[in-house]
Amino acid sequence: MRPYLLAILFLLAAPLAAHAQSADLVLCDRVAADPSDPDKPADVKGVAEIAASDVATAIKFCKQAAPASRRAMFALGRAYAANRQTADAIAAWRKAADKGSSAAMVELGVIYGTGSGVAKDEAQARKLFEKAAQAGNPRGVSNLAALGSAGGGAPADPAQARTLLGKAAETNAEAQYQLGLMLANGNGGEKDDVAARALFEKAAAQNHPGALERMGAFAQEGRGGPKDKDAAKAYYERAAALGDEDAKKALERLRCPYAIKDKQGKLVTTLCF
């Protein structure tokens, strides 16, 4: 009789264990998911920076979820980094990258590119950014474009970055934003404010803070489309609510548009409404 009881208990426990693992990942996502991680589900908002009060929680639950989820392993690295446990962060990102996390590849590339916690190795950074870019990671593409010449390799190719971002921008808000910046600035090809605005609008519809700020600026200036101060203010307010510092400054400039300066041209005060 006892073997049957044990079997029943095992069958009952299995769903509970799966549920517990799922709960760990949910809690990990809530406090430590990266908004730009391509592995992140659309319904997970993510956080730009892990709050100091959430670091211990992030480490606990991401660590429990990490063996079954490369996304949680990557988030665990973020939590360790936020706690200044650099060696642990690097180890977690290496494990996540080995499992195919392009976000972890980017973080490792930044580590090698800057020499933070490891010997500086721009050639290794380039390899990691290339691998992430090939996987469609927008940060991998933009970092690769910004890296420049490394280890005797060819100079960064902004035109190639545009092509790679174009593929990722079909579905990814960060890629839409990054490609919009390249088009707005004329990097890697002709300047195209209309196309840039369209990309910013797509990313803004997905609540991308940077794209919301850029839409505010484009609407305020009439770049790539109609000039609309009310729309600009609304975009800035949405971006500011998500923590975008440039949007907060833009709102302040809208509120205080007139600057009073002395004879030397130094700012004395501003007139606000």
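This is a predicted model: local features need pLDDT of at least 70, side-chain atom pairs count only at pLDDT 80 or more; totals for chains, interfaces and linings use all residues.
Let's start with the helices. Two packed helices are described by the angle between their axes and the distance between the axes. For helix 8, residues 158-168, and helix 9, residues 173-185, that angle is about 145 degrees, and the axes lie 9 Å apart. The crossing of helix 8 with helix 9 is left-handed. If you want to find the contact on your screen, look on helix 8 for Pro-158, Ala-161, Arg-162, Leu-165, Gly-166 and Ala-168; their partners on helix 9 are Ala-175, Gln-178, Leu-179, Met-182 and Leu-183. Sorted by class, the residues of this contact are eight nonpolar, two polar and one charged.

Helix 9 also leads us to the largest pocket, where it gives four residues, the largest share of the lining. Helix 3 (70-82), helix 7 (138-147) and helix 11 (209-221) are among the helices that each supply at least two lining residues. The pocket holds about 1,200 Å³ of space. Its lining counts 35 residues, and those nearest the centre are Asp-34, Pro-35, Ser-36, Lys-40 and Lys-45.

What classes of residue make up this lining? There are 16 nonpolar, 10 polar and nine charged residues. Domain 1 (22-135) and domain 2 (187-272) each contribute at least three residues to the lining of the largest pocket.

Notes
Residues are numbered from 1 along each chain as its sequence is written. Side-chain values use heavy atoms; hydrogens and water are left out. Axes are lines fitted to C-alpha atoms, for helices over the stretch in contact, and angles run from 0 to 180 degrees between N-to-C directions. A crossing is left-handed if the near helix is turned anticlockwise from the far one by less than a right angle, and right-handed if clockwise. Contact means heavy atoms within 4.5 Å. Ala, Val, Leu, Ile, Met, Phe, Trp, Tyr, Cys and Pro count as nonpolar, Asp, Glu, Lys and Arg as charged, and the others, Gly among them, as polar. On a 1 Å grid over the protein atoms alone, a cavity is a set of points where a 1.4 Å probe fits but cannot get out, and a pocket is an open set with protein on both sides within 12 Å along at least five of seven lines; lining residues have an atom within 4 Å of a point. Grid points are joined across faces, edges and corners, and a volume is the space filled by probe spheres set on the points. Domain bounds come from an automatic or database domain assignment.
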